[in-house]
Structures are given as structure tokens and as C-alpha cells.
Amino acid sequence: MPALIRAVARKLPADAGTVRAALLELRRRGYVARLADIANRSGIVWARREDLRAAAESIDSLEAEDALLEAALEAAIATRLRDAGRTPEAALEAIAAEIADGGGGGLTPPRMAALAQAIAEAHGHPAPDSFAEAVRATEEARRAERRSAEIAAREARRAEVKRLREWERSLVPFQPVPELLGCTAKEALRWIAAGLIPVARRIPGKAGERWEFDPVELAPLRALVPDWRSREEKPAAPALARGKSGNAAVARVAALDRYAAHFATARALIRRITLVTGPTNSGKSYLALNRLAQAESGLALAPLRLLAHEFREALATRGVAASLTTGEERMLIPGSRHVAATVEMCPFRNPVDVALIDEAQMLHDRDRGAAWTAAIMGAPARDVFVLGAPEGAAMVRRIAKLCGDDIEEVVLERKGPLIAARAPVPLGDLRAGDALIAFSRRDVLDLRAELIRRGRRVAVVYGALSPEVRRAEAARFNGGDADILVATDAIGMGLNLNIRRVVFSTLRKFDGEQRRDLSVQEVKQIGGRAGRYGLHEEGVVAVLAGAGAPEVLKRLLEAAHETPVETRPLVQPDADIVAAVAAEIGSDSLFGVLARIKRAVLRKDDPNYRLADLAAPMAIAGVVDGVPGLSLLDRWTYALCPIDLRDNGVARLGRWAVEHGAGRGVRPPEAGRLPPPDRARPEELERGEKVQRRLVAWRWMAQRFPAAFADGAEAEAETQRLNAWIEDVLRQQRRGRAATRAGSA
């Protein structure tokens, strides 16, 4: 201690108060480590870093004993527990969910009881011991329910895999087929080609495709051989034996190789597709919205909830009232015959005069492309306007052919020129109206912090923000409250932005699988946001100094559009298909149904369609399959819920399912106490964003299971509170260390 005093005294005025304050600050940093050790030894797993800091800040002693530290920690934690919810029950749920979301399977019943005791005492509960004991008993019962559901799901999954493997072992190659049917090899080959003899499994190999057959399916066909021989013309394919296992039978009932026929209402109409392609700012939406507004009834399908709202508002400015339907909200306008919706919410059974489907290049998206396939094939409108970048044109043409629809193509040009800057742009040379593009939340916040440090006013847009916050940030930028917009490629769809110049902070991005160079389409889609008709007649696209060569950017902007090699549309099952396959294979296991669909419904070389990735629905099915009280189609609905896989979304859905199946209500997530926006730390902002995304999933479920997810008003209020707080945090334009620290999120 004397050495430390001398070291500090050499750098500071010889003022005892100043020296003591500096020493106390140093000591408090050490107290944080000691407090963490105390929390660990005491089993207080709900202690946060911020609790440790708050406790340390409350200590005014240079030589604090453990007893003093423990008291300070207890007080700091009590404050947070009291603020975590309006009631002890709400606070307990919020803190327990936060711990469970952090991994490790959540709290044991004794630890849950200890947390309940602390929360009850913090809230001034009249009987904290009784409250804690009741919580312990409830937690033990619910853990038993969850464990039972997990075991049942695992056993069902194993049974399905075992059954599938046993069936595969029962298959025979082609050689025994003639003997089984009582025919020649040539006849068998001819009847296989005619589709009369089902191939159970096709296995590709270097020497060609190997066929395998199900003896159970072949047995009843032997009696039909004389008729096949006697008839010269090809007879109708016979009804296949329902062996509850055959891939051919599964493929037949799923009918994904005849996917267009699945949309009966659309196929009953004489439809005309108008494909409108062009770059950003070419007026595609303007053209289609004008036509939609003139129709007696219509449908506008958007890729994002935010854009669905914009379509609804655009129709309103044209004098047309429209209802709104998205995954998590409904706004029904009595008497309205127009609907603005997200693509996944396309109403397939209600005919309208005109439908608008935006961003058709999303057909190529591996996660959501199947939704665009369904919307374009199934939109029940006589006139269907499909809008998008030129990259999607080939697949739209293919879809029109599969549907038997006439197609007309309209190609629009950009309303103002888009040019590449000749020189890179230093960070300090960014000007009002510029949009700086990064490709991760962390990079966006790092750049924001650095620009604020330099005295610039900054707005931000990235994918983790809710549509409401993104829209508010866009309004700040458009209105001049912020000079510069720092954004990810989330600006590529659904925001009207007055951008003069787009500046890429990098010409590479991580796409979820690898770090790669930006594609021509990405540069044109994002760079095309520069220039706004009537405001900035010329759009400029540049690269940040040190991030790439302007020549590369110029080449990408001037390159011809890349037409994807794969033009077969993605398709995925719906509730009707899931139910039909389940009946065919005689199984109530959603995992088993999806596994059979994945294996059976489409050959990899199908000439028309590709099966969408079912990994996420199968992961959810593996969790909810063992939950009693939920039907197969209830579990299928859970499997479609939009969750964040990186935020333990599957496990959270499993917990919700157990509560739902047991007949208990599922409470919406809560963020608890939110710190003042000007004091919010990066981890608190990120925590708020996570809770907001969990609320999206909860509200999505509430639209489908309103009895179980009943607290809609509470969820809406919490959503609005979080949105307002996050926007207030982002509005903070502090300089110095605090701003720099925010950039490290």
C-alpha cells in the first residue's frame, strides 16, 4: 500500500482527497474479483457482472472485509431482483429464463428455491420461506415433466430411425423383381419406366443409379401382370400397396413432385403472371402498387413485416384501406378487400383480382425460398405481379411453366445513374447522407462508436433490431437528426432511405458458412440504395479506405447480372402434407414424418423441384415430439416458429411446449429493469435485443395458440417498452470512453 500511494502521489497533486479517491478506484477494481469469488462460493449463480460492479462502487473503504463485501453484493443483487419484474413471480421467471438461456440446463430445484427466497425478500414478500418452498415443489414437478417429454421424444426418434433402417434392410435389388412378379427382366424394366412398378429407393453411385424395391409393395402387383401384358396402351397406374413404409407411397401422398397442383384455388383460376424486374430505385413497387390500388380486391406480399406495413401505408395514400397480416400481428379493417402481408402468410384460399409479390430473387434463399415458391404458385389472383432483381427471373419463368400460367415480362431501368467512386473514402471524409455498410452487428457498433468519437451524429440499422427500431433509425437519418447511417445489408429491403452515397466498409462477408467476397447481386442490391429519385439524382457507391480497391467495386457494379445455375424452386411440406404422410406411415412422430419426407418425397435429380432444408423443423420436432397434450399438427406449428437458434431457441420452445401441453399458460418473456439509456452497457443492449426477438417468437405462437399464449396485451406492452428503450440507447451520441466501449459489443 505505501508503494502504491507513492506511485499515485507522483502523478497527482498532493491533495489527500484526490489521492484517496484514486486509490479507492483502484481498490474497487480489485473488489470486483473478490465479489465474484464470494458469489461463486455462495452459489449465487444469478449474480451478474453489473451487480459486482455496483456492489464495489458502493464500498467506501480501502480495506473492506469479506463481511462488508457480502453485504454490498446482497444489496446490489436485491435491487436488481426487485426491478426484474412487477411481482416476485414475474421477477423469478425473468431471472430463471435468463440463466437457462445462458446454457447449462437452468437452475436445479434447490437453487431455484434459493433464488425465489432472495427475490421474495427483495420484494418484501410476507412469507419468503413459503414462497421458496412452493417454487421448489413446482420446479421439481416441471423438471420431471420436461425430463419425461425429453425421454419420450428421444425414444420416438429412436423408434422411427430403427423402423426406417429395418425397412431399408428389407429392400431387394432389381435382380429378384422379375421372379417376384412372374415376368421377364425386360418387362419389369418397361413397367418401371411406365411408373407401374414403384422404386422404393434410388441410390446414386459412380456406376449409375442403383434401384431397390420393397417386396411388400411388389406382392399385390403380381396379380396385375397379365392385365399389363394384355393391354397395348399404358394403363392407369394402380393404387400402390399401403405398406406403411414404402418411399414410393410416401412420395405419392406428399406429392411434392406435383407441388403446383397443391394450390387448388390458384389452379382453378386463369392466372396471368407479370414479372417486373429491375435494379433498386427503378419503380417496380410503384408500378405494381398503382395496379393493385385500382383492383376491386388485392394482396400485397412482402419479405418483411416492416415492408408489409409500408405496402399498407402506400395503399392508404392511394385511397385504399388494407388489412395487415404478419406472423405476429393482425390488423383487420372491416369491409376492406385488400390485404398487406408477409410472404409466409399468403392466404391461399381467398381469391382476389390482383396480387403483388415482392423481392422474387428470394426464391434462391436457402432458408426462406420455399415460401416464395408457395406464394408465386399459390397466390389466388387472376393477375399476379412478381417483382424482383433480374437474378430471380429464370426461376419465376420456370414456376409459371409448372403452373401453366401465361407470363409477361416488364424490364425497368434505374431512374437515376449509379456510379462507382474513383477513390476510396477515408472514414473522416464521410459526409451527411452517407450510408456506411458493414456485415455484422459488432462491426456496425464499432464503426458507430468511432464516428461518434469523431463528433458525427449516427443512426444504425442491423438485423437484430426490431422493424420498429429500424424504422425509427431510418427516420432519424432521413430527417437529418443523424448525418451518417451505419448499417448491415438489412437496408437492402423494406426501408425508404435518402442515401446520397453508399460506402462499403468491406468487400467480404461471412454468410453463415464461410467468409467470402461480395457477389455482384449483393453489391448492386445494397449499392443501389444510393441515390433517391427527386432527392439525389445520382447515386454513388464507394469503398472505405483500406477496405478494398475501387476498381473491384466498379467491376462488380458494371458486371452482368449473375443468373444462378440452379433454377428448380425450393418446396417444403405444409400441414396437409405432414398429416397425409403421417397417416401413410402410421406414425404420430413429427420427427419420423419429417425424416421420411426428407428421404422419400423428392429425388435429388427431380427435374422440377428441390426440397427445402428441414434441419431446423426436425431439431424442434426432436424436442416437442414427447410432449403430451399436443397433437401432431400442434407440434408442426411449433416446428415453424421463427426462433433464433443461436439463442437457445429450440430449448425455449421445448419449455413452452411442456407448459402448453400441460394446460398452463405460457407467459411472454420480460426484460425486467432497463438501465437509463445513457448508461446502458453493450451487454445490456444485446440482452434487450435478445428479449425482443424472443417476444417476436412468443407473439407468433400467440397468433396460433391464443388460449395458451394469452397475455397478448402484456407482450405488446413489453415489446413497445423494449423498442422505445433500444431506440433511446441508439440515440445516445456520447463521445469518449463510453462511446468507444459501446463499440465493443
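Mentor: This is a predicted model. Among contacts between residues at least 6 apart in sequence, 75% join residues at least 24 apart.

Trainee: And what share of the residues count as buried?

Mentor: Of the 745 residues, 51% are buried.

Trainee: Switching to charges. How many positive and negative side chains are there?

Mentor: There are 112 positive and 100 negative side chains, with the centres of the two sets 3 Å apart.

Trainee: How many salt bridges turn up in the whole structure?

Mentor: The search finds 64. One of them pairs Arg441 with Glu689, at 2.7 Å from N to O.

Trainee: Where do Arg441 and Glu689 lie?

Mentor: Arg441 is in helix H18 and Glu689 in helix H27, so the pair ties together parts 248 residues apart in sequence.

Trainee: Is Glu689 buried or exposed?

Mentor: Glu689 is buried, at a relative accessible area of 1%. Arg441 also counts as buried, at 16%.

Trainee: What does Arg694 pair with?

Mentor: Arg694 forms a salt bridge with Asp647, the closest N and O atoms being 2.8 Å apart. Arg694 sits in helix H27, while Asp647 is in the loop between helix H25 and helix H26, 47 residues apart. Asp647 is buried, with 2% relative accessibility.

Trainee: Now the surface. Which residues gather in the patch of negative charge?

Mentor: Glu70, Glu74, Glu121 and Asp129. Asp129 belongs to helix H7, which covers residues 128–170.

Trainee: Why does Asp129 count as exposed?

Mentor: Because its relative accessible area is 54%, and the cut-off for exposed is over 50%.

Methods:
Residues numbered from 1 in each chain as written. Predicted model: local features only at pLDDT ≥ 70, side-chain atom pairs only at ≥ 80, totals over all residues. Heavy atoms only, no water. Patch = residues over 30% accessible without salt bridge, like charges linked within 9 Å, V, L, I, M, F, W, Y side chains within 5 Å. Areas by Shrake-Rupley, 256 points an atom, 1.4 Å probe, with all protein chains shown as cover. Salt bridge = Lys/Arg side-chain N within 4 Å of Asp/Glu carboxyl O. Lys, Arg positive; Asp, Glu negative; His and termini not counted. Charge placed at Lys NZ, Arg CZ, Asp CG, Glu CD. Helix = DSSP H or I, 4+ residues; strand = E, 2+ residues; numbered from the N terminus. Buried < 20%, exposed > 50% of the residue type's maximum accessible area, 1.4 Å probe, protein only. Contact = heavy atoms within 4.5 Å.
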